[in-house]
Amino acid sequence: MTDATTPPKQSLGDRVYNDLRTAITLGEIRQGVVFNEADLMAQYKVSSSPLREALTRLRQDGLVKVIARRGYTVTELSLKDFHELMQMRLIIEGAAAELAAPRVTDKHISEMRRLSSAKLVVGDKASYRQFMQANQDFHEKIAEIADNGRLRRAISQMFDEMQRLLFADLDIGDGEELEHDHDEIIEALALHDGKRARTAIIRHVKQSRDRVIGRMIRQQKDFEGTNIFD
């Protein structure tokens with residue numbers, strides 16, 4: 001007998017999949033880095049079967065691809081990909097916020113404030129994971145409150161793809177200045193004001209977009225003009 005509140009034990013394949021997925025989406029395994037099964041088997045102390053199961057799922061998620069005779073690499077996210085994802089965020093998250101506003105409870109507000117209180121400590125890798133996961137959980141929470149499973153899955157997939165760009169190079173970038181800027185969104189939701197909540201989250205998404213673009217400009221990344229983001 002197990003306690004009904006005890007989460008089910010993960011299989012080896014699930015454990016490896018979840019850890020690799022987190023490492024990729026949070027940018028711990030960078031784009032362009034090639035890794036092979038032998039390296040991962042040693043790292044996770046598993047046989048080839050659960051590892052291949054995990055890698056197959058990551059390929060299906062579009063997060064890794066096979067490099068012939070070399071192994072695997074994280075699927076690269078281009079500036080066009082980022083532009084498309086941000087356009088989707090503006091549409092989908094704006095709708096989720098407006099739908100959520102009439103349903104928000106005090107308990108929801110408390111939980112969103114808790115997620116937004118996560119701190120990022122430059123140089124502390126554990127805090128990076130906690131900070132980035134809290135950010136994703138916050139945005140998914142809004143779709144959960146809206147009671148729309150498809151919206152939540154869409155938001156989750158978007159964050160899986162773009163978290164690594166949103167929070168890249170924290171050690172050398174703007175990590176010391178970074179904090180969750182969700183106060184305006186929370187305030188609008190607490191007032192049950194759907195239009196205000198939509199406006200607040202659109203402003204938040206645009207600020208995140210501009211921060212990434214600014215970092216890329218500072219690092220002199222090679223991309224085709226910034227006018228596509230206007």
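Which residues in α2 meet which residues in α3? Point 3 takes this up.

1. **Basis.** This is a predicted model, in which local features need pLDDT of at least 70 and side-chain atom pairs count only at pLDDT 80 or more, while totals for chains, interfaces and linings use all residues. Residues are numbered from 1 along each chain as its sequence is written, and side-chain values use heavy atoms, with hydrogens and water left out.

2. **Overall make-up.** The protein has 9 helices and 3 strands. Helices (H or I, at least four residues) and strands (E, at least two) are DSSP runs, numbered from the N terminus. Along the sequence the pattern reads α-β-α-α-β-β-α-α-α-α-α-α. Of the 230 residues, 44% are buried. Buried means under 20% relative accessible area, exposed over 50%, and partly exposed in between (1.4 Å probe, protein chains only). The protein exposes about 13000 Å², and carbon and sulfur atoms supply 47% of that area. Accessible areas come from the Shrake-Rupley method with a 1.4 Å probe; for residues, only the protein chains shown count as cover. Among contacts with a separation of 6 or more, 74% join residues 24 or more positions apart. Contact means heavy atoms within 4.5 Å.

3. **α2 against α3.** On the α2 side the residues are E37, L40 and M41; they meet S48, L51, R52 and L55 in α3. By class, this contact has 4 nonpolar, 1 polar and 2 charged residues. Ala, Val, Leu, Ile, Met, Phe, Trp, Tyr, Cys and Pro count as nonpolar, Asp, Glu, Lys and Arg as charged, and the others, Gly among them, as polar. Helix α2 spans residues 37–44 and helix α3 residues 48–61; their axes come within 10 Å and cross at roughly 110°. Axes are lines fitted to C-alpha atoms, for helices over the stretch in contact, and angles run from 0 to 180 degrees between N-to-C directions. α2 and α3 are therefore roughly perpendicular to each other. Angles of 65 to 115 degrees count as roughly perpendicular, under 35 as roughly parallel, over 145 as roughly antiparallel, and the rest as oblique. The crossing of α2 and α3 is right-handed. A crossing is right-handed if the near helix is turned clockwise from the far one by less than a right angle, and left-handed if anticlockwise.

4. **The loop between α2 and α3.** K45 sits in this loop. Its phi is near 55°, a positive value in a residue other than glycine. Most residues other than glycine have a negative phi. K45 counts as exposed because its relative accessibility is 72%.

5. **α1 against α3.** Helix α3 also packs on α1, at an angle of about 45° with the axes 8 Å apart. α1 and α3 are therefore oblique to each other. Their crossing is right-handed. From α1 come L12, G13, D14, V16, Y17, L20, R21 and I24; from α3 come P50, L51, E53, A54, L55, R57, L58 and D61. These divide into 10 nonpolar, 1 polar and 5 charged residues.

6. **D19 in α1.** D19 lies in helix α1, residues 12–25. D19 is partly exposed, with a relative accessible area of 29%. Leaving aside neighbours within four places in sequence, D19 is in contact with Y44 and R129. D19 and Y44 are 25 residues apart along the chain, with C-alpha atoms separated by 9.6 Å.

7. **α4 against α7.** Helix α4 (residues 79–100) and helix α7 (residues 149–166) pack at about 140°, axes 10 Å apart. α4 and α7 are therefore oblique to each other. α4 passes α7 in a left-handed crossing. In α4 the residues are F82, L85, M86, M88, R89, I92, E93, A96 and L99; they meet L151, A154, I155, M158, F159, E161, M162, L165 and L166 in α7. This contact has 15 nonpolar, no polar and 3 charged residues.

8. E76 is in the loop between β3 (71–74) and α4. E76 is exposed, at 52% relative accessible area. Beyond neighbours within four places in sequence, E76 is in contact with Q31, G32, D81 and R164. E76 and E161 are 85 residues apart in sequence and 9.7 Å apart in space, C-alpha to C-alpha.

9. **H192.** H192 is not a glycine, but has a positive phi of about 60°. H192 lies in the loop between α8 (183–190) and α9 (194–218). H192 is partly exposed, with a relative accessible area of 42%.
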